[in-house]
Amino acid sequence: MPKEDHPDDARQDRELPLTKKQETVTVQAGDDAIKYLKQHLGHPFINWILADPTDNLTQQQNEVALIVADFLRNHLSDQPEIPAGLAMSPLTQYNPQLGTTALNYLHRYVKQEPPTRPYELGDDLLNALADLAAESYGELLIPSEMGLFTGSIMSPIGDRIVKAVNAEGIFPSTDDDQSGLRSVLVETSAGIATGFQIIFFGSGVLQAAWELAKLKKPVPNLDELIEMLPTALRQARSLFRGDRTKVISLVALTGIQLPEGMEISGDWGRIRKARDEDHPPFLKQMVERRTSATTPEGDTVEITDAGDVILETSVGMTMKVTQVFHEEISATTSTAEDVDKLVDRVRLAFSLAVSREHRPVLVSTWRRFIMPLSGGGISYNDPQHMAQRYPSVLSTKEAQSWNEWIDRIESIDINPLGVAVNRTLRAVSERRDHSDMLIDSVIAWESLLGATSESVLRVSAALAKLLHPPGAVRNRARTRYKNIYTTRSKIVHGNNKARLTAEQIRQDAMEATDVALAAIRIMLVQQRQLLPLDSDERSLRILLDDMTHLDPLDSES
């Protein structure tokens, strides 16, 4: 190929090789080029572009390694601040003279294979998407903070996709504009509202299929990617029709590790070990921020701010598509709220299941959806602003108990406990200051058992009766809870004469949180009849009824 046909060739004195007959010079790429490419583009991409290289590279592998390394060095030297994936974008653009992208051309040159034959999987749209997957596979392997923007959409395959989408009437239209540049307004129940062009329909479906395939295998091969295309396309068609559609949501949780090789699951989804491929690329700094601790046995446990376990669940989503852009966006957040509520229930189950001297803290760090629409609605929190975490590896028994508590909570309507659950979770895992922790815990008490009048006496007495057997223990508990109330009041009202010590506040905060969890635990297991009642009715029922006491620590069976 003439030099001018090679897009942005970094070496002006090296032509891109066309056929095996042009092997006139043996070029040794050496360790430097390979190490450089692996550092910036990763092993999966190198294994693909060089067709599974061994220690002894062929001449074609040497040439391609040097071409790509030179190209990337040249672009990063001019703009060192841009991500490597973005720097590689010129090589992912469709080249009419090659009939493919430069990346595919180089890959085929190494393998000495002809282009992939067109796929025939079903209808015209699915066939075109499969061909797009084959053309874009190498690009999918490149680390990118920008998401997939396949250069092959501006190609004959991209034209086929646009034609098939228009033929099906997937996008609303009131005119004769059948071009790929036609835009619509998309509003989803995940809180996403964005403009969307027909030309990006293919890349959106392809990205969703890629993410679905990655749930089964960190780096899917081409066949595994194409296997997920029908699912992603069905989702896209359903969403654009306005139907409620099941999509996958992923939520990362930090603070703990599961036992090696173990995951927990139920009808609600599954919780598994996090993989590097799970984390959104733009959260790289959070992935690199680590916290470690040493166990009593001398083992080191390390967690990352990005999350060490993944909650994977299926959730219903709807999407509204209109041709007219308007100022008032009506996108709802019901799907995002459904996921957030599940996360709260999972975190509550964890707090009820795992009891240690240093209570492990579990917080969510990011949430995203796998759907055929660019972006995925990613939101994230920085755990550095939340409660201090104690890196912990759960025992098999603790993980099983967590699983059982999730199943139990999912079978119960805990909505009447909403504020109490929310405030308890804040106290347990979000508050860094013990004063805030104490305030949230007592608010949880009041949400569970508060009354419009004489709340301190009512709540203290009801908690003592709910959690302790008759006699001196219950009496001491009632007095203790009143004292915790007093500490909380002094903090809230700024009583400078109170002379509260930091240790006193810490102790009261820890005990108040333990009491809130114990009360919730016993209501979920032994006293479920209290759940539907409001707080006033609950406390009155506890105080007036002859209740059989059960130690809250023994109420898990």
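**Entry 1: terms and model**

Before looking up any bridge partners, I wrote down that two strands pair if DSSP finds at least two bridges between them. I also noted that this is a predicted model.

**Entry 2: strand β11**

I began with the bridge partner of Lys 273, which is Val 309 in β11. Lys 273 belongs to strand β8, residues 269–273, and four bridges join β8 to β11. The two strands run antiparallel.

Next I looked up strand β5, residues 245–254. β5 and β11 pair in the antiparallel sense, over nine bridges. For Ala 252, I found the bridge partner Ile 310 in β11.

Is β11 enclosed or open to the outside? Strand β11 covers residues 309–317, and eight of these nine residues are buried, so I put it down as largely enclosed by the rest of the structure.

**Entry 3: a sheet of three strands**

I then turned to an open sheet with the strand order β4-β3-β12 and antiparallel pairing. Its edge strands are β4 (193–197) and β12 (319–322), each of which pairs on one side only. Neighbouring strands here are turned by 30° against each other on average, with direction ignored.

Strand β3, residues 183–188, is joined to β12 by four bridges, and the two run antiparallel. Val 186 has Val 321 in β12 as its bridge partner.

**Entry 4: helix α8**

Does the length of helix α8 agree or disagree with what its residue count predicts? The helix runs over residues 201–216, which is 16 residues.

Of its 16 residues, 14 are buried, so I called the helix mostly covered.

**Entry 5: Ser 435**

Ser 435 lies in helix α15, residues 434–449. Is Ser 435 buried or exposed? Its relative accessibility is 17%, and buried means under 20%, so Ser 435 counts as buried. Leaving aside neighbours within four places in sequence, I found Ser 435 in contact with Ile 491 and Ile 505.

**Entry 6: a loop with positive phi values**

I looked at the loop between α2 (43–49) and α3 (59–78), where Ala 51 is found. Asp 52 is found in the loop between α2 and α3 as well. Ala 51 has a positive phi of about 55° although it is not a glycine. Asp 52, also a residue other than glycine, has a positive phi near 55°.

How exposed is Ala 51? At 23% relative accessibility, I listed Ala 51 as partly exposed. For Asp 52 the value is 59%, so Asp 52 counts as exposed.

**Entry 7: the whole chain**

Last, I took down the totals. The chain has 557 residues, and 52% of them are buried. It holds 19 helices and 15 strands. Among contacts between residues at least 6 apart in sequence, 74% join residues at least 24 apart. The chain exposes about 26,100 Å², of which carbon and sulfur atoms supply 48%.

Conventions
Residues numbered from 1 in each chain as written. Predicted model: local features only at pLDDT ≥ 70, side-chain atom pairs only at ≥ 80, totals over all residues. Heavy atoms only, no water. Buried < 20%, exposed > 50% of the residue type's maximum accessible area, 1.4 Å probe, protein only. Contact = heavy atoms within 4.5 Å. Axes fitted to C-alpha atoms, helices over the stretch in contact; angles between N-to-C directions. Expected span 1.5 Å × (residues − 1). Areas by Shrake-Rupley, 256 points an atom, 1.4 Å probe, with all protein chains shown as cover.
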